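Thank you all for coming. Please have a look at the sequence and the structure on the screen, and then I will walk you through them step by step.

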Amino acid sequence: MKTISIFLALINSLLAGLLIMFLISSVDFRVSATLWSAIKLGVAASVIVIGALTWINALGSIHPGILALSSLFLVSLGAATVVWTFHRAQVTGDMEYYMILYGGSLFVQGFSLLFGLADGSSTASVA
């Protein structure tokens, strides 16, 4: 499970970085509410931080409570992303399938990180 969470941490961190670049370069960023833009950037940055924590945990040891909270955050963020995408599709009629995949990826990363913690080994062993 840890291998899956490490791989998805890389993928999701890269996609979060692309989302940050898209948000900053978008015209919508300049005309939308400042609070909404800050929330979107903060959530994307938190995905990158959690990805870094996952990688650091593979090399060393991080407190399991921090990783458990991070994994629960990713599970809830993934589910919220999928629900928000379906809501936007119902309101605007524009279905964004890439956000459903991204939300599912966040969900699976959170679950695999949580189940990796449940295995009892807090660090990955290098043979």
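This is a predicted model: local features need pLDDT of at least 70, side-chain atom pairs count only at pLDDT 80 or more; totals for chains, interfaces and linings use all residues.

**Serine 105 and the helices around it**

If we set aside its neighbours within four places in sequence, serine 105 is in contact with Leu8 and Asn12, where contact means that heavy atoms lie within 4.5 Å. Serine 105 belongs to helix α5, which covers residues 97-118; helices here are DSSP runs of H or I with at least four residues, strands are runs of E with at least two, and both are numbered from the N terminus. Serine 105 counts as buried because its relative accessibility is 14%, and the cut-offs are under 20% relative accessible area for buried, over 50% for exposed, and partly exposed in between, using a 1.4 Å probe and protein chains only.

Residues are numbered from 1 along each chain as its sequence is written, and side-chain values use heavy atoms, with hydrogens and water left out.

Now the overall picture. The protein has five helices and zero strands, so that, by the definition of these elements, the order from the N terminus on reads α-α-α-α-α. Its C-alpha atoms fill a box of roughly 50 × 25 × 25 Å, taken along the principal axes, and of its 127 residues 33% count as buried. Among contacts between residues at least 6 apart in sequence, 74% join residues at least 24 apart.

Which residues make up the largest nonpolar core? There are 10 residues in all, namely Ala16, Ile20, Ala44, Val47, Ile50, Leu74, Leu77, Met99, Tyr102 and Leu106, and the term stands for a set of buried Ala, Val, Leu, Ile, Met, Phe, Trp, Tyr and Cys residues joined through side-chain atoms within 4.5 Å. At least two residues of this core come from each of α1 (2-25), α3 (34-59), α4 (64-92) and α5. Leucine 106, one of the core residues, is in contact with Asn12, Val47, Leu74, Val75, Leu77, Gly78 and Thr81, once neighbours within four places in sequence are left aside.

Let us turn to how the helices pack. Two packed helices are described by the angle between their axes and the distance between the axes. The axes of α1 and α3 come within 8 Å and cross at roughly 150 degrees; axes are lines fitted to C-alpha atoms, for helices over the stretch in contact, and the angles run from 0 to 180 degrees between N-to-C directions. That makes α1 roughly antiparallel to α3, since angles over 145 degrees count as roughly antiparallel, under 35 as roughly parallel, 65 to 115 as roughly perpendicular and the rest as oblique. By class, the contact of α1 with α3 has 14 nonpolar, seven polar and two charged residues, where Ala, Val, Leu, Ile, Met, Phe, Trp, Tyr, Cys and Pro count as nonpolar, Asp, Glu, Lys and Arg as charged, and the others, Gly among them, as polar.

At what angle do α3 and α4 pack? The angle is about 135 degrees, with the axes 11 Å apart, and that makes α3 oblique to α4. In this contact Val43, Ser46, Val47, Ile50, Leu53 and Asn57 of α3 meet Ile66, Leu67, Ser70, Phe73, Leu74 and Leu77 of α4, and by class they are nine nonpolar, three polar and no charged residues.

For α4 and α5, the axes come within 7 Å and cross at roughly 155 degrees, which means that α4 is roughly antiparallel to α5. The residues of this contact divide into 18 nonpolar, eight polar and no charged.

Two residues let us look at this part of the model in detail. Glycine 110, in helix α5, is buried, with a relative accessible area of 0%, and, not counting residues up to four places away in sequence, glycine 110 touches Ser71, Leu74 and Val75. Glycine 110 and glycine 78 are 32 residues apart in sequence, yet their C-alpha atoms are 8.4 Å apart in space.

Methionine 95, by contrast, sits in the loop between α4 and α5 and is partly exposed, with a relative accessible area of 23%. Again not counting residues up to four places away in sequence, methionine 95 touches Thr85, Phe86, Ala89 and Ile100, and its C-alpha atom is separated by 7.1 Å from that of threonine 85, 10 residues apart along the chain.
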